[in-house]
Amino acid sequence: QVQLVESGGGLVQSGGSLRLSCAASGRTFRSVRMGWFRQAPGKEREFVAAVRWNGGGTDYADSVQGRFTCSRDNAKNTVYLQMNSLKPEDTAVYYCAAQVLNTTHFSVWGQGTQVTVSS
């Protein structure tokens, strides 16, 4: 099994930046793609970004395209979400997730980290 631990959340002013980290441990060779999701109060969890371990290909939600950058460090089994030009509507709990080999969905989740953007 893969275990995920997020870090880097916090409080930032509108227009500021934060970098989230997600450290993967356990049977990490079974993970092919890592994703970031977020859930704001009263809203459903939504996709933010994803990156493949092999090749580093990325995907982004339209709402964060151009502001957020998802990357990975294979040697450290860690993925990052660099968030720039943050807006109050980016406030949410951010979750890291892993897509396991031979599956089509994200099935392993971290505990989440709070990001709060003040106006």
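**Close-up views of salt bridges and an open sheet**

Four salt bridges are present in the structure, which is a predicted model.

**View 1. The salt bridge between Arg-33 and Asp-59.** Arg-33 and Asp-59 form a salt bridge in which the closest N and O atoms are 3.3 Å apart. Distant parts of the chain are linked by this pair, with Arg-33 in strand S4 (residues 31–39) and Asp-59 in strand S6 (residues 58–60), 26 residues apart. Arg-33 counts as buried because its relative accessibility is 16%, under the 20% limit. Asp-59, at 38% relative accessibility, counts as partly exposed.

**View 2. The salt-bridge network around Arg-38.** A network of salt bridges links Arg-38, Glu-46, Arg-67 and Asp-90. Between Glu-46 and Arg-38, the closest N and O atoms are 2.6 Å apart. Glu-46 is partly exposed at a relative accessible area of 35%, whereas Arg-38 is buried at 6%. Arg-38 also meets the side chain of Asp-90 in a salt bridge (2.9 Å, N to O). Asp-90 lies in the loop between S8 and strand S9 (92–100) and Arg-38 in strand S4, so this pair ties together parts that are 52 residues apart in sequence. Both Asp-90 and Arg-38 are buried.

**View 3. The open sheet of four strands.** The strands follow the order S1-S3-S8-S7, with antiparallel pairing. Strand S1 (2–7) and strand S7 (68–73) are the edge strands, each pairing on one side only. On average, neighbouring strands of this sheet are turned by 20° against each other, direction ignored.

**View 4. The pairing of S7 with S8.** Six bridges join S7 and strand S8 (residues 78–83) in the antiparallel sense. Tyr-80 in S8 is the bridge partner of Ser-71.

Technical notes:
Residues are numbered from 1 along each chain as its sequence is written. This is a predicted model: local features need pLDDT of at least 70, side-chain atom pairs count only at pLDDT 80 or more; totals for chains, interfaces and linings use all residues. Side-chain values use heavy atoms; hydrogens and water are left out. Two strands pair if DSSP finds at least two bridges between them. Helices (H or I, at least four residues) and strands (E, at least two) are DSSP runs, numbered from the N terminus. Axes are lines fitted to C-alpha atoms, for helices over the stretch in contact, and angles run from 0 to 180 degrees between N-to-C directions. Buried means under 20% relative accessible area, exposed over 50%, partly exposed in between (1.4 Å probe, protein chains only).
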